[in-house]
Amino acid sequence: MDDSTLRPKIASVMPQIKDDLEAMVAIPSCAFPGFPSDPVHAMSQYVVDAFGRYGVQAQVTPITGGYPAVTAEIPAPEGKPTVLLYAHYDVQPAPKEQGWDTEPFVPTWKDGRLFGRGAADDKSGIAIHLATLAAFDGKPPVGVRLVIEGEEETISHLEAWVEANPDQVQADVMVVADMGNLTVGEPVLSIGLRGHVKAVVEVRTLAQPVHSGLFGGAAPDAWMALIKMLATLIDDEGNCLVEGIASGAWEGADYSEEMLRTNAGVLDGVDLVGSGTVASRLWSKPSISVLGMDATPVAEASNVLQPTARAVVAMRIPPGQDEKEAVEKLMAHLRAAAPWNVQVDVHQDKVSPPFSQETDGRAFGLMRDALATAYGREVESVGSGGSIPLLDTLRDAAPQADFVLIGAEDAALANIHGPNESVDPSEIENMALAQALLIQALAE
């Protein structure tokens, strides 16, 4: 691909793009319940204004029941395809007790990276789209639909909006800039995301708490019953034991054990769980987690047997697994594992489908070439352990679209959702160049 025009153009706008990214990081746009709403609305307006500086007339689009999205439409020249560009402007909470070395919403440059909540996830995605459209002075040679979500990190209402307004997301290609390379400078394309299903399980054994000395050993303790049930979900290595859930070996790029230990903060001497390659464990096999338990704090413990116990159990499911079937199997497993004829209530909490991307589409092939040109090296395929439920909703609305999943959230150092989140601006620049090269190639 010929990058002789687009590369210097994007390089020339990067100083302003970095200024915009700093300004966005400084806005604490946390859309979770209980957080102030003014910064979220301020962020949506900033995004509108930022795209306006590059000739794109964007607007704040109300989303029923939630925070607004930012949308724009640039009509396609006759005979040219339309590309939808997605990112999100909301961020995860960033409590200082997470272990931040800097103020989370004070953009800070260190070692060539910009630190701050949302710097990578996913205000870098907005920056990629800004730089891409700036490369064409806001007049790309294809049609462009822009969708910047305001609730990706929390309870999203955008899915319902897409279902009610499928005409607003019609496109031939959808580029989702909410992913990242494994390491800076080594380009990858994401081709699959695990789904996420959750169930709440409650165990009841007694009418009320009773003395553990007078009744322990004969009367059933609800906590011990629940612990026995939860223990049946995995084998001794940590592999998921829920029967009938899809599982496979990952055939693309691997994820090194050293990187996993560093990124996850695994303590020295502690073993990893599961079997198979790390990439398979993260991207193509199911995993089980206990996300929450209603428990008596240690400081408040007394000598009683507990009458009730409750937990939230989550299972990540690989592409190819039906999410509704998966949550039913998870709930059935928990019911069957209940000991001592205890009373059990299990109900579904949340279901998010997995996503898989075919690799034989024209846009996918062009983006592989575009990334190779931008980075000057071969492109590998990776998966993601996370979930973006909106992707399936977009696919249902525009089944003809070819999806491309990219981003600047490198796995090695970005530390999304954790303390000291950061982004390398070279990833934004290269991803923007690749995206612009894709648009240029689609127009030819």
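Student: Which residues make the nonpolar surface patch of about 330 Å²?
Tutor: The patch is made by Met224, Ile227 and Trp340. This is a predicted model, in which local features need pLDDT of at least 70 and side-chain atom pairs count only at pLDDT 80 or more, while totals for chains, interfaces and linings use all residues. Residues are numbered from 1 along each chain as its sequence is written, and side-chain values use heavy atoms, with hydrogens and water left out.

Student: Why is Met224 called partly exposed?
Tutor: Buried means under 20% relative accessible area and exposed means over 50%, with partly exposed in between (1.4 Å probe, protein chains only). Met224, which lies in helix 6 (residues 222-231), has 45% relative accessibility and therefore counts as partly exposed.

Student: What makes the pair Arg145 and Glu73 a salt bridge?
Tutor: The term asks for a side-chain nitrogen of Lys or Arg within 4 Å of a carboxyl oxygen of Asp or Glu. The N to O distance between the side chains of Arg145 and Glu73 is 3.4 Å, and they meet in a salt bridge. This pair links distant parts of the chain, with Arg145 in strand 6 (residues 143-149) and Glu73 in strand 2 (residues 69-74), 72 residues apart. Arg145 is called buried because its relative accessible area is 13%, whereas Glu73 is partly exposed because its value is 48%.

Student: How many salt bridges does this rule give?
Tutor: The count comes to 11. One of them joins Glu325 to Lys329, with the closest N and O atoms 3.8 Å apart, and both residues lie in helix 9 (residues 323-336), 4 residues apart, about one turn of the helix.

Student: What makes the link between the side chains of Asp90 and His88 a polar contact?
Tutor: A polar contact is a pair of N or O atoms within 3.5 Å; within protein, one must be able to donate a hydrogen and the other to accept it, and residues adjacent in sequence count only if both atoms are side-chain atoms. The contact joining the side chains of Asp90 and His88 is 3.0 Å.

Notes: Patch = residues over 30% accessible without salt bridge, like charges linked within 9 Å, V, L, I, M, F, W, Y side chains within 5 Å. Areas by Shrake-Rupley, 256 points an atom, 1.4 Å probe, with all protein chains shown as cover. Helix = DSSP H or I, 4+ residues; strand = E, 2+ residues; numbered from the N terminus.
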